[in-house]
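Here is a walk through a structure, beginning with the place where two chains touch. Keep the sequence and the 3D view side by side.

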Amino acid sequence: MVDVRPEEISAILRRQLTGYEKEADIYEVGTVLQVGDGVARIYGLSKVMVSELVEFPNGTLGMVLNLEEDNVGVMLFGDERGVKEGDTVRRTKRIASVPVGMKLLGRVVNPLGIPIDGNGPVNTTKSLPIERKAPGVIFRQPVKEPLQTGLKMIDALIPIGRGQRELIIGDRQTGKTAIALDTIINQKYTHTEEAKKHGINPVYCIYVAIGQKGSTVANVVSYLKEFGALDYTIVVAANASDPAPLQFIGPYCGCSMGEFFRDNGMHSLVIYDDLSKQAAAYRQVSLLLRRPPGREAYPGDIFYLHSRLLERAAKFSDKEGGGTLTALPIIETQAGDVAAYIPTNVISITDGQIYLEPNLFNAGIRPAMNIGISVSRVGGNAQNKAMKKVAGPLKLDLAQYRELEAFAKFGSDLDKATLAQLTRGARLTEILKQKQFSPIPVDKQIALMWTATNGYLDVLPIESLVRFQEEYFQFMESNYNNILTLLIEKKELNDEVVIGLKKAADDFTALFKKTLGR
Amino acid sequence: MNEQRVSSRYARALLEIARQNGFTEIIYSDLKFVRHTIEQSRELKILTFSPVVQFWRKKKIYEEILTGKVQPLTMNFIILLTDKRRESLIPDICYQYEVQYYELNNILPIEIESAIELSEEIKNKITIKIEKNTNKKVISDFRINKSIKGGLLIKIQDWVFDASLKNQLEILFKKLSTD
């Protein structure tokens with residue numbers, strides 16, 4: 001056996017370890033005066049910057065929030081146990097930042113970018129500060145590309161554009177997260193070769209879970225995995241058990257991760273689920289730092305908290321690469337109270353809202369969207385022409401239906417025109433219902449809406465419409481695929497398409513009626 | 001050393017009066033003595049911070065302990081603080097006075113920790129080197145701290161100049177254990 005001489009080993013060791021022995025280390029320190037409830041007050045650290053990270057002896061990091069006359073207020077990102085009065089706190093001279101990049105896709109991380117899915121470290125090379133300035137006016141251009149959610153009700157009536165901020169608001173258990181998840185799952189199409197051929201750019205998704213149960217987040221991740229959506233998604237989770245400071249910075253971290261895509265000419269979608277919990281976390285930290293409470297005990301800068309976050313959603317000008325960051329903030333209301341402080345704030349910041357109601361949800365209308373008060377202020381420009389054309393009469397019919405709905409109870413006593421309106425409205429409402437996790441491509445949506453608004457469904461019983469829809473899509477795929485392709489390519493309802501759709505609808509309804517009697 | 005807002009103001013006022021009369025240095029040593037006395041005696045410390053003991057009783061106790069040992073100005077100042085029920089701030093005010101006194105006289109207090117007792121020659125060398133670099137008169141406080149294992153640890157206000165063996169070992173540990 002060949003022996004390795006001990007001198008050789010120590011020579012190698014020495015070589016490997018050189019460079020570690022520094023002459024001296026210079027750093028700045030402060031002393032912990034007080035610690036508790038996730039915040040600490042530090043004496044010293046006279047040169048520290050706001051939002052700089054400081055390190056406690058047990059390795060926990062903290063972020064400087066308050067600079068006061070005689071102390072520094074710090075919120076702790078980790079365990080406060082082990083931090084005691086008189087401990088030495090070190091400056092790190094780093095502003096709080098998160099790793100960004102493509103390598104994060106498919107991962108579940110905490111707001112500091114540390115993976116929590118047990119799949120090893122994330123080897124990113126870049127990081128961005130969590131608090132970044134929103135792009136200015138000259139860097140932007142109006143929203144013009146659609147972000148397809150795959151939900152008929154939203155894509156047709158309240159279209160969302162890439163770079164828009166659309167609020168999803170509603171009580172608990174009304175399907176807010178379901179809409180967000182469906183939207184993520186529907187982006188799968190944008191990552192295919194086919195989409196590339198049609199000039200649709202991929203959308204990378206970031207799902208920020210704030211103050212949710214660990215089990216709920218695990219559920220979301222498993223759904224995303226099941227539908228193959230995790231490959232282009234980053235999940236940022238600040239669970240209910242995490243310290244309030246982490247829950248507070250979660251959305252900013254998710255936004256920075258999304259900004260990486262936006263700044264590099266790519267497209268991203270960030271979902272903040274939900275901002276009411278973030279506001280509560282921020283309220284906690286603020287009150288502990290003794291900032292004066294305002295309405296509902298929220299601090300004075302709670303509006304700015306959300307406005308500066310949502311301003312970072314943008315559509316960049318072509319000169320800047322044309323990247324986008326779409327934001328879908330979620331707000332949970334208490335017993336439908338949209339006039340509460342946080343909901344009104346966020347409603348006024350965003351470019352529209354999707355309003356979900358428990359009554360509709362219980363009546364079986366899912367997504368439980370109240371079409372009357374949901375709006376999208378900029379998405380219309382982004383909607384494709386064909387969809388715009390079919391959505392026009394759809395909106396009109398539904399509006400008239402809502403007005404007449406009260407009379408529906410009188411049944412046969414109504415005149416013919418009213419009856420026709422009611423029939424149409426009931427069918428449109430039925431056709432807009434959609435199951436969770438079943439996004440529908442936009443071409444099929446248009447084809448279906450076209451048949452509905454042109455009266456093909458009026459003669460069919462409402463109960464048969466679910467089956468109608470399914471079989472109609474199959475029929476279109478196998479017999480009129482060219483029409484669907486035309487819709488994707490041309491994005492408008494020209495004569496060729498209309499004739500095709502009419503023929504398809506005639507053929508299919510004739511076939512379908514025959515199956516009804518059985 | 002926790003309170004600053006109130007104590008720095010009292011200290012500034014005292015320093016102002018002392019400056020007018022030209023004995024800032026005597027007051028400085030007086031206050032250092034007061035702080036030392038309070039810190040040394042557990043009973044006096046408890047008394048100073050106790051909200052239960054009446055202020056006039058405290059006043060009598062302070063008078064008895066300090067009369068003759070400190071300047072009349074210092075004595076009056078302590079009495080004034082007790083009258084104003086600020087006696088719990090005495091150590092803080094003493095500390096703030098020291099800070100402001102140092103600032104006034106361009107003095108830099110530093111703390112130097114080493115694992116073993118340093119020779120006078122090395123102590124002088126260190127002090128002179130720091131004086132040269134900071135352009136300030138340095139008052140060094142040499143301490144022995146076995147936990148740093150070797151080398152030096154120099155604390156200048158918020159700055160730490162860490163050339164200790166302990167810190168180097170920690171850095172080595174961090175480098176070896178991560179990535």
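Two residues are in contact if their C-beta atoms, placed from the backbone, lie within 7 Å. The model is predicted: local features need pLDDT of at least 70, side-chain atom pairs count only at pLDDT 80 or more, and totals for chains, interfaces and linings use all residues. Residues are numbered from 1 along each chain as its sequence is written, while chains are lettered from A and ligands numbered from 1 in the order in which they are written.

Start at the interface. Chain A brings 19 residues to the contact, and chain B brings 15 residues. On the side of chain A that touches chain B, strand 1 (25-36) and strand 2 (39-44) are the elements that give two or more residues. Strand 1 of chain A gives the most, with seven residues. Strands here (E, at least two residues) and helices (H or I, at least four) are DSSP runs, numbered from the N terminus.

What is the class make-up of the side of chain A that touches chain B? There are eight nonpolar, three polar and eight charged residues. Ala, Val, Leu, Ile, Met, Phe, Trp, Tyr, Cys and Pro count as nonpolar, Asp, Glu, Lys and Arg as charged, and the others, Gly among them, as polar.

Strand pairing also crosses between the chains. Strand 1 of chain A runs antiparallel to strand 4 (residues 159-164) of chain B, joined by four bridges. Two strands pair if DSSP finds at least two bridges between them. A:D25 stands opposite B:D162 in that strand 4 of chain B.

Now step back to chain A. It has 17 helices and 17 strands. Its C-alpha atoms fill a box of roughly 95 × 70 × 45 Å, taken along the principal axes.
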